[in-house]
Amino acid sequence: MSGDLHLTDARPTDPVSLVVRRRIRPGREAEYEALLTEANALLARIPGHRGTGVVRPPPGEQEYTLLARFDSLSAAADWELSPERADWLSRIAPLVDEHVSFEKQPGLDFWFTPPAAARLRQPPRWKMALLTLAALYPVSVSTSWLFGEALKPWLGHYPMPVRALPQMIVVVLSMTYLVMPAVTRWATGWLRR
């Protein structure tokens with residue numbers, strides 16, 4: 001990942017996502033895929049790394065998107081300044097036809113960036129907050145009912161922090177992988193206006 005964009009509105013402890021788009025030279029995809037696997041292993045060793053995603057190009061196109069999430073700006077900087085990253089970048093250089101874009105996205109902004117966007121641009125924060133609230137409310141209410149009432153016979157005797165953990169896992173996973181992707185696709189027109 002290359003680029004030197006800086007976040008001016010993020011605190012060092014805010015979560016951050018690095019999003020990099022590259023156009024790979026035709027016929028070099030298998031080599032790039034192998035180096036992506038290696039990058040995932042390198043990233044997994046960085047303290048504060050929270051996951052990596054790859055959006056592969058549709059047939060006939062060459063643009064890959066790599067998303068790396070970190071729990072803080074300083075954790076992302078540790079990766080950006082690491083010798084492992086520098087070495088990895090030097091090895092992918094012959095495979096890359098064009099560096100398309102590099103973005104640092106604070107907080108949960110990655111939920112609001114469509115994978116196929118030509119340029120990463122977030123909607124106004126008030127729209128992101130409103131849409132997140134509208135999506136989170138029913139998920140939160142339903143999981144509160146599930147863990148407070150339906151599962152009470154099995155979980156009721158545990159202290160509240162222990163009971164809250166599985167509920168939070170369900171909320172975060174459903175918001176990240178089910179609800180927010182669907183809601184942002186549905187609200188794309190409104191978010192872009």
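Hi everyone, this is a short walk through the predicted model shown above.

Some housekeeping: this is a predicted model, in which local features need pLDDT of at least 70 and side-chain atom pairs count only at pLDDT 80 or more, while totals for chains, interfaces and linings use all residues. Residues are numbered from 1 along each chain as its sequence is written, and side-chain values use heavy atoms, with hydrogens and water left out.

Let's begin with the overall layout. The protein chain has 7 helices and 4 strands; these are DSSP runs numbered from the N terminus, with helices being H or I of at least four residues and strands E of at least two. Along the sequence, the order reads β-α-β-β-α-α-β-α-α-α-α. The chain has 193 residues, and 39% of them count as buried. Buried here is under 20% relative accessible area, exposed is over 50%, and partly exposed lies in between, with a 1.4 Å probe and protein chains only. If you take contacts (heavy atoms within 4.5 Å) with a separation of 6 or more, 74% of them join residues 24 or more positions apart.

Now to the inside. Leaving aside residues up to four places away in sequence, Leu 36 touches Val 54, Tyr 64, Leu 66 and Trp 88.

Staying with H1, have a look at its packing against H3. The axes of H1 and H3 are 11 Å apart, at an angle of about 175°. Axes are lines fitted to C-alpha atoms, for helices over the stretch in contact, and angles run from 0 to 180 degrees between N-to-C directions. H1 and H3 are therefore roughly antiparallel, a label for angles over 145 degrees, with under 35 being roughly parallel, 65 to 115 roughly perpendicular and the rest oblique. On the H1 side the contact includes Tyr 32, Leu 36 and Leu 42, and on the H3 side it includes Trp 88 and Ile 92.

Arg 21 sits in strand S1 (residues 16-24) and is buried, at 1% relative accessible area. What does the side chain of Arg 21 make a polar contact with? Its partner is the side chain of Thr 65, at 3.0 Å. A polar contact is a pair of N or O atoms within 3.5 Å; within protein, one must be able to donate a hydrogen and the other to accept it, and residues adjacent in sequence count only if both atoms are side-chain atoms.

Thr 143, in helix H4 (residues 125-150), is also buried, at 5% relative accessibility. The Thr 143 side chain reaches the backbone oxygen of Val 139 at 2.9 Å and that of Ser 140 at 3.2 Å.

Finally, Ala 187 lies in the loop between H6 (160-186) and H7 (188-192), buried at 3% relative accessibility. Its C-alpha atom is 8.4 Å from that of Leu 131, although 56 residues separate Ala 187 and Leu 131 along the chain.
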